Structure formats: C-alpha cells, structure tokens
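The following note sets out several points for a reader who is new to examining protein models. Please keep the structure in view while reading each point.

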Amino acid sequence: MTVAHNIYIHVPFCISKCRYCAFYSHACANPDWDTYTDGIINEIKHWSEIMGAAKVPSVFFGGGTPSLMRVKNFDKIINYLNRHFSIENNAEITLESNPGTIDMDKMKDFQSAGVNRLSVGVQSLDDEKLKYLGRRHSAHDAIQAIKDAQKLNLRVSGDFIYGLPGETAKTIKQICNEINKLGLQHCSLYELTIEDGTPLAKSGPIMPCNDTMAQMYTTIQETLALPRYEVSNYATDGNECRHNQNVWDGGAYIGIGKGAAGRVHIDNTWYEQRGGGVLFEQMTDTDRAVEKIITGLRTMRGVRLTDDVKNAINMDTVKGMQGLVQINNDRLCATDAGILVLDDIVVKIVR
Ligand code: SF4
C-alpha cells in the first residue's frame, strides 16, 4: 500500500510581478483558469493511477497567487482530488493569498470549498516599503485580510520580509511589536534576498551587512510573541504548518503544476519529482538522508537520527561542535548559535 502523500499545487499567476520576485509566476490577472485546471487534473489523474487512492493529510495551494483563482476552479480540483485520493477528514488545506485579490465573500466561498488555513502575503506593514518591494496592496489591505480570515475562524498565517535597505535591529523590534498586535497563530519572516535579474537587483540596493542581518534575526526571536519552530517560521504550539513540517521531516509529497517539486515514495523507492509533466528520478538512500539532514536541521526540533541519517553523518564531527548542535530525544538539532551558521554545520557533518 502506498504511504500517505501531501499534495502541493502550484498556481503560477500574479496580477503583476513584485520587484524582488524570482519565483515561477507570470504576470497575468485573468489567466485561462479552465485550461490551467484541466492541466492540474491531468497530473492528479497520472499520480492516482500510479499510487492508487493514497491518503492525503494536507493540500497546499502555493504560488504565484492562488487567491486569484476562481473558486469554482478550486472546487473542481478539490473534488477531483477527493475522488482519486483519500483526503483525510482533518486534512490541512492551505491557500496562499495576496491582499487585494480576496475579500470576505471570496474567503467564505474558499472556506466552503474546503480551505481551512489562509496564508496572507503581508510582507510589510509600512506602505512605503510595500511600494519599494513592488507590492500592489497597502498595509491596511493586508490587515483587513487577516481580520476577515480570523473572523471566519480560519487558521491564519502572515508572510513578512525583513532586511530591507536601512533596516536595523531597532526597526525590526518595532516591526515585530506591530506583528504581535495582529494576533496571528503563525507567521513567516524571510530575509530579503536579492535575486539576479530582478528589478530590485538592477536598482543596486545597499543591503544591511551580515552582522546587522544576524542582529535582526536574533531580535526577531527575542521580540515576536510566537516561538520559532523553523529558521524563518514562528507559531503557537499546534499551529505549525503541517505541510511544510512534513517537507522538512523528509515526508512524501506530490508537486503538481509547472514550477512545483515533490518527493514521492512508491514501492519502497524515493523519487525526486517535478510538476508540469511526469518527470521523476530515483533517489539514492544517501541523497535522501542528506536532504533530511539539510531540511531537518532547519527546524528547532531537528532531524531524527534514523539509521540512514546516522550513516550520512560523521558523529565524531558532531561531538566536536558543542554549542552549535545538540542531541535531544534522538534528534540532532542546531542551537540558537548554530542556526546562524547552518550551512557551515551541514558541510562539516555530512560525510
Ligand atoms: S505575489 Fe509572490 S509570486 Fe507573485 S510576483 Fe509577488 S512575490 Fe512573486
């Protein structure tokens, strides 16, 4: 019998491109949703034929801007998934959204169609910074989207970006205090990355230095009301994103739609898989173990020391890294100091 697989569905459309964005998405406010939906359904069909009605503990619609989608297309995809896979009764069904593309009525319709968790792309609570990032919405729009979702009792997450030119630990502290007032159960704070070829990169921004970035990162943990459970993610107990937690734990998931990636487990073999086609490639046990170490160490609870993971790690090196890593309950995890140098740790401990 096939193991449970989470499902990620990529929605690669946005009204316009943000200035920093290097994600796979097209600027298109009115895509041909029926053609897109047919493509997604074909991929679902393909995987259900391979693995039968596998159990699905979570479905994540990411983008792009999934909240741009017409609810009837979302509904069609969920119904098809329900018929061909076995979506668990208490499954987490997340929709990523951008303020300005969803109002209370549309949110209610998505909720009726199965969404129980809304991730809101806030990015900043300062209209000048939103303009600098090329976002189309205001801070007010974002706060309204969060309030609406909270009124509907959806599980709500907010995405934020920090580390913009001119930001310091002091300004980040104010930002975190503002975020605390939103009463979120979950939020993500990502450091602004300047990706080659983006309009932001071409504008030649002067970014905060590494030391300032590290101070900001530490200040976030000290100020945010929500505890950190992954490098960039914070949540109250039980409100962690189950979908992402599964990815970081090295669990199975199918990526559907161009731009999506997955790790599927069929007949005791792991495959690296890409959406938008039927490409998949077998992974060795070592590939899998190294991947689990890289993603597991990003989480505060760490990577479980299963035999494959132990075989891929040099335990003598681990013992020599006191203060940066520790073993708790048969899991290897990074300390607060270690989180700041995770890449170095991985390079040193992997055989
Ligand atoms: S909304 Fe997200 S995916 Fe779309 S352009 Fe902006 S950053 Fe990129």
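1. The structure is a predicted model.

2. Which residues make the contact between α6 and α8? From α6 come Ala-169, Ile-172, Lys-173, Cys-176 and Asn-177, while α8 contributes Gln-215, Met-216, Thr-219, Ile-220 and Thr-223. Sorted by class, this contact has five nonpolar, four polar and one charged residues.

3. Around the ligand one finds Cys-14, Lys-17, Cys-18, Cys-21, Phe-23, Ser-25, Gly-63, Gly-64, Thr-65, Asn-98 and Gly-121. This shell has four nonpolar, six polar and one charged residues.

4. Two points of the backbone deserve attention. Most residues other than glycine have a negative phi, and most peptide bonds are trans. The peptide bond from Gly-63 to Gly-64, however, is cis, with omega near 20°. Gly-64 belongs to the loop between β4 (55-63) and α2 (71-84), and both Gly-63 and Gly-64 are among the residues around the ligand.

5. Asp-267 is not a glycine, yet has a positive phi of about 50°. Asp-267 is placed in the loop between β12 (261-266) and β13 (269-274).

6. Finally, the domain assignment divides out domain 1 (6-246) and domain 2 (302-351). The C-alpha centres of domain 1 and domain 2 are 30 Å apart.

Methods. Residues are numbered from 1 along each chain as its sequence is written. This is a predicted model: local features need pLDDT of at least 70, side-chain atom pairs count only at pLDDT 80 or more; totals for chains, interfaces and linings use all residues. A residue is near a molecule or strand if its C-beta atom, placed from the backbone, lies within 6 Å of it. Ala, Val, Leu, Ile, Met, Phe, Trp, Tyr, Cys and Pro count as nonpolar, Asp, Glu, Lys and Arg as charged, and the others, Gly among them, as polar. Domain bounds come from an automatic or database domain assignment. Two residues are in contact if their C-beta atoms, placed from the backbone, lie within 7 Å. Helices (H or I, at least four residues) and strands (E, at least two) are DSSP runs, numbered from the N terminus.
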